[in-house]
Amino acid sequence: MLSKFKIFRLGSCALSTTAANFKISTGISGLKADPYARSNLLKLYSELKEKLYQLPEDYAYRKGMLAIVENRNNLLRNEAFSDLDVENEIGEGQLEELIDQAKDEIKLLEKVSNEWQPWEK
């Protein structure tokens, strides 16, 4: 019966998953596990890249963020890496946390490109 379950360690929190490898908890209060975190994050990074391309080419923020997003996209697309491998390689938390960060970055980019436009000052 126990062979149907796998245990993954994330930090000090042990998480059980079913044979389908879905994480049932992030171990973080208020942050639900996302069984499609990897594909959802890829979609958000695609949206983030589109918004970054709207900024001036020589803008340092654009260059830096594009490099980060491209590196993370490569890790997420690498089928040899498990979700835990990707999280460890990025070193910024769980995929669900990265999803929240990407959403925040998209909101910030909307303000940067539409309201603040710091390259014009």
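A nonpolar core, as I use the term here, is a set of buried Ala, Val, Leu, Ile, Met, Phe, Trp, Tyr and Cys residues joined through side-chain atoms within 4.5 Å. I kept that in mind while looking through this model, which is a predicted one.

**Entry: the overall layout.** I started with the elements and found four helices and two strands. Following the sequence, I read the pattern as β-β-α-α-α-α. The chain has 121 residues, and 32% of them are buried. I also looked up the contacts with a separation of 6 or more: 51% of these join residues 24 or more positions apart.

**Entry: the core.** Next I turned to the largest nonpolar core, which has 22 residues. Leu41, Tyr45, Leu48, Leu52 and Leu95 touch the most other members. Each of helix 1, helix 2, helix 3 and helix 4 supplies at least two residues of this core. Helix 4 gives the largest share, seven residues.

**Entry: helix 2.** I then followed helix 2, residues 60-77. From first C-alpha to last, its 18 residues reach 26 Å, close to the 26 Å expected. Its buried residues are Arg62, Met65, Leu66, Val69, Arg72, Asn73, Leu75 and Leu76. What covers them? I found that the cover includes helix 1 (37-52), helix 3 (83-90) and helix 4 (95-116).

Technical notes: Residues are numbered from 1 along each chain as its sequence is written. This is a predicted model: local features need pLDDT of at least 70, side-chain atom pairs count only at pLDDT 80 or more; totals for chains, interfaces and linings use all residues. Side-chain values use heavy atoms; hydrogens and water are left out. Buried means under 20% relative accessible area, exposed over 50%, partly exposed in between (1.4 Å probe, protein chains only). Contact means heavy atoms within 4.5 Å. The expected span of a helix is 1.5 Å times one less than its number of residues.
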